[in-house]
Every structure is written in C-alpha cells, then in structure tokens.
Amino acid sequence: MASLTIRKLDEGIKTYLRLRSAKNRRSVEEEVRVILGELIEGREEPLTPFTAPPAAFTTPIPQRTGAVPEASVTLIIGGGIAAYKSLDLIRRLKERRIEVRCVLTKAAQQFVTALAVSALSHERVYTDLFDPQSEFDAGHIRLARECDLIVVAPATADLMAKMANGHADDLASAILLATNRKVLLAPAMNPLMWNNAATRRNVAQLQRDGVMLIGPNSGEMAEAGEAGIGRMSEAIEIATAAERLLRPPVPRPLAGKRVLITAGPTHEPIDPVRYIANRSSGKQGFAIAAAAQAAGAEVILVSGPVDLSDPQGVTVKYVESARQMLEQVQAALPADIAIFAAAVADWRVVNEGEQKLKKTSAGMPPLQLVENPDILATISKLTDKRPPLVIGFAAETEHLIDNAKSKLARKGCDWIVANDVSPATGVMGGDRNTVHLISRNNGADNGEIAVDSWPAMTKEQVAIELVAHIAKSVTGKSREPAS
Ligand SMILES: Cc1cc2nc3c(=O)[nH]c(=O)nc-3n(C[C@H](O)[C@H](O)[C@H](O)COP(=O)(O)O)c2cc1C
C-alpha cells in the first residue's frame, strides 16, 4: 500500500488540509483519511478489491486439469542435433496418454522451433526463466513439480554439467534443481564429449544423485565419418522408459499359467420349463477369475447360470447342467490350476419330461433322482491331464472343518476352501465370505492336514488372498504340455 508524505504535497493543498483539520479538530493525517474515505464512498464504480494481476501477467502456466491424460511429463529439450528426435518423442509420449509440457533451452531453439514443439504438444512452450508471463506465480517451480516425471532429451554435455554442479542460471537448469520428481536423461553428444573425463565425472555424480539415464546408444554421429557411443536413444525407447517409470509393471505372479475355474449353480432340468437349482450367485468364482486374470493368468471360467458380467480378459463358457459343466471343464484341460467353486447339483432328474409335466388326478409325478458326475473327483483322479494344483470348495451347513477334511481325502484334490453356507451367514448370494483353507500340510504327503482360518472378508478379498496363496505354491510348477 502506498504511503503519503504530507510534507511533499504542494503548498495550496497543505494550507487547505491545515485549515480543514483545524476546523474539524483532527490531525492533518486523520483529515486526509476522512477525505479519502468520503471520496471512495461517493465514487460511482463498485468497491471491489483489485486482485487480478496486471494485463501483462495474465497468461499463467495453466493448472493441469481433466482426467484424460493419466500422467504428465515436463520435457526439457537441450541444444543438441538430436533435438529433432524430441519432436517424435512428444508424439510417442502423447500416444501413451502422457501429457507433455516442453521447455526449450536457448541452444535448443537453434535446432527446433518453439512453434513446432507447441503444435505437437498442444501446450505453450517455455523458454525463459525471467518470463513475467509465467514467473508471477513461480512458473519454474510449477514446471518442476506439476508433473510426474522430468525427461531431458537430448541431455547435452553442458546441461549435465550444470545439473551435476547444481547450476540454475536458465529455465531448464532451474527446473532440474527445483524438482522433487524423478528425472530421466537421454544423453546425446559426440563420442569424444561422452568419453571426456569431465562428462564421465558428471554422469557418475548424476547417477549418485539418483538421476536415471537411458542411452546413449552407439552408432553413426551427425558429424561425417564419426561413430561411437553418443547417439541419443530412439524416441520410442525413451517413451517406453518414461512409461515404465510412470506406470511400473504390476506384479503378475501367475503369468504363463492357465487357470480353470468353475462358478455358479447348475440347473438340472425337470422338464423343458422347470429345473432344480441352488442359491449360488457365482460371485466367489467370478471374483477368483478376476483376481487370477489380474495376476497374469490365462483364465477359463466355466459358469452355470448367473446374473453377473464377464470378468475382463477372462474366457467364459456358460453351461446349465452338471454334465455340461464337466464337458466344458474336460475340454478346457490342460490347466496348471483348477479351482472348482461352482455349486454343482449332486443329483439330476433321471426321468426328465420331454414335455411340460401336467397336473393329473394321479397326484404329483414322481421325480427320480440320479447322482451327477463329480467334477472335482473326476479331475482330481485324472492320471494324464490332472492339473498340478486342484482346489475344491466345500459349502457346508454343519461340521464345516470335519466335512471339508474328509472331502479333501475323498476327492483326491490338493486344497479345499471350506465355507459355511448356513442361511444365517448370508454367504450364498451375499458379498462376504469366511473361509478356511484346508490343505495337506505344506504339500507334504504325510497325511497331515492343515487348516488355515481366514477372517471374514469380501468375496473379492478372499479371491485375492487365495490367488496369492496359489502364486506362492505354484511358482516354478507347470502342467504337462498339451498333447
Ligand atoms: C551444430 C551443433 C550441434 C551440437 N550438438 C550437440 C550435441 O549433440 N550434444 C551436446 O552436448 N552439445 C551439442 N552442441 C553444443 C551445445 O549446443 C552447447 O553446448 C550448448 O551450450 C548447449 O546448451 P544447453 O545445454 O543449454 O542446451 C552442438 C552445437 C552445435 C553448434
């Protein structure tokens, strides 16, 4: 706020102020305040504080907004002949949904124009540290931090020397000194510059400082007849390296494994319109399929009739009856892991009506039941195509652990996931499950059975936990190749 020195006012105004203040019994200073107050109250335009920056300062670095790009890079282009490759790099980054904001060094502008860089990045290009249009809100700091990664390509010998020594006398070096983001350098220079003791020292220092490098590659130089190490990595190599830093690969412990899963109920026909079913929703089996797929497995899901959407990236085969389910399971072999989570009907109607059964005076038609094939036991007892790990589910309403243990022995599978499906638990059709993993202790074949009881979880959490146990168990074990 400006201050006013009354002494410096002209004589006529001073005399007026003295007389007026004396008349009003105020000090001259107070009188000036009153006059200013009256002036402001009486003015025509509304009283709004002036907060907007002056016109010359009204093109700030825009905030990064919008959900479309998933990552952002500040790309610093140094003054080397390879700067032309950075134009392609901008495109390669953008096609990977990476937003790119570019900074050109003074030397870089001798090799590529800000216009070309701006047209390709669809963003304003930054060249000057002392740029009032972006520095009124510390633009260089924002360029250094409002990004997920800084890429320098080409990283010249000069720029690396400045970085190694903490210089900040231009926009590029100031950003590099002010950043708290990862920095990836793509050096490019003549082989003699690259091998020079000073560059060697600077590179070693930068690596100690945690800066990452890609390249340089060896090959022909721009200088006629020269070859050696110093060519900048190709744009696609730099973009891939940047993407790996921005989106590190998720662990995929089941990559290369084929997992067969069954889910849902089966429908056993009584006649063309009626069937015997159960309350299974398929949610647990579908969640396991999704978790196995996320862990990198190739997943085949054989499902009875359910009201769920197909998990992404999973091959789903829909069936109705237990016999159809067995057929599809056998067709899907070989597999490394088989998980039988379906609630397969134990019985089917042997005298299935060809036409809709009618009410008759003779009373209810007798339904003769016959046992369905036991999918878990059939696959567990295979000799040739038995998956190395066979897991069954035991849905029990009483004596859960005891029944599950005897099921493990009876069926010949490796693990049983036991869950209590009594109506009070809400497991059938619900979103949560409490399971016990019953297995032969540590895989040892001494008949000892281990029970691992997990706390109540969502079916998705149970699936993730089960897949983690599977991944730990099968690492290194693979099925026999398909004959
Ligand atoms: C035609 C020409 C090509 C150049 N190519 C390179 C190069 O590939 N790598 C390098 O480190 N310097 C190269 N230089 C030198 C740099 O432009 C110079 O060191 C400049 O100061 C780098 O500035 P910057 O690091 O701020 O971009 C070249 C110079 C000229 C005139």
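Eight strands form an open sheet of mixed pairing, in the order β12-β11-β8-β13-β16-β17-β19-β20, where two strands pair if DSSP finds at least two bridges between them. This is a predicted model, in which local features need pLDDT of at least 70 and side-chain atom pairs count only at pLDDT 80 or more, while totals for chains, interfaces and linings use all residues. Residues are numbered from 1 along each chain as its sequence is written. Helices (H or I, at least four residues) and strands (E, at least two) are DSSP runs, numbered from the N terminus.

- Strands β17 (residues 415-420) and β19 (residues 435-440) pair in the antiparallel sense over five bridges, and Ala-418 stands opposite His-436 in β19.

**Helices on the sheet**

- Helix α12 packs on the sheet and touches β8 (258-263), β11 (298-303) and β13 (337-340), its direction making about 165 degrees with that of β8; contact here is between residues whose C-beta atoms, placed from the backbone, lie within 7 Å.
- Helix α16 also packs on the sheet, touching β13, β16 (389-396), β17 and β19, and its direction makes about 150 degrees with that of β16.
- The axes of α12 (residues 283-294) and α16 (residues 459-474) come within 8 Å and cross at roughly 50 degrees.
- That angle makes α12 oblique to α16, since angles under 35 degrees count as roughly parallel, over 145 as roughly antiparallel, 65 to 115 as roughly perpendicular and the rest as oblique.

**The ligand shell**

- The ligand is surrounded by 16 residues, of which the closest are Gly-79, Gly-80, Thr-105, Ala-107 and Thr-156; a residue is near a molecule if its C-beta atom, placed from the backbone, lies within 6 Å of it.
- Helix α7 (residues 157-164) gives the largest share of this shell, three residues.

**Backbone features**

- Most residues other than glycine have a negative phi, and most peptide bonds are trans.
- The peptide bond from Gly-215 to Pro-216 is cis, with omega near 5 degrees, and Pro-216 lies in the loop between β5 (212-213) and β6 (217-220).
- Arg-97, in the loop between α3 (83-95) and β2 (98-104), has a positive phi near 60 degrees.

Conventions:
Axes are lines fitted to C-alpha atoms, for helices over the stretch in contact, and angles run from 0 to 180 degrees between N-to-C directions. Two residues are in contact if their C-beta atoms, placed from the backbone, lie within 7 Å.
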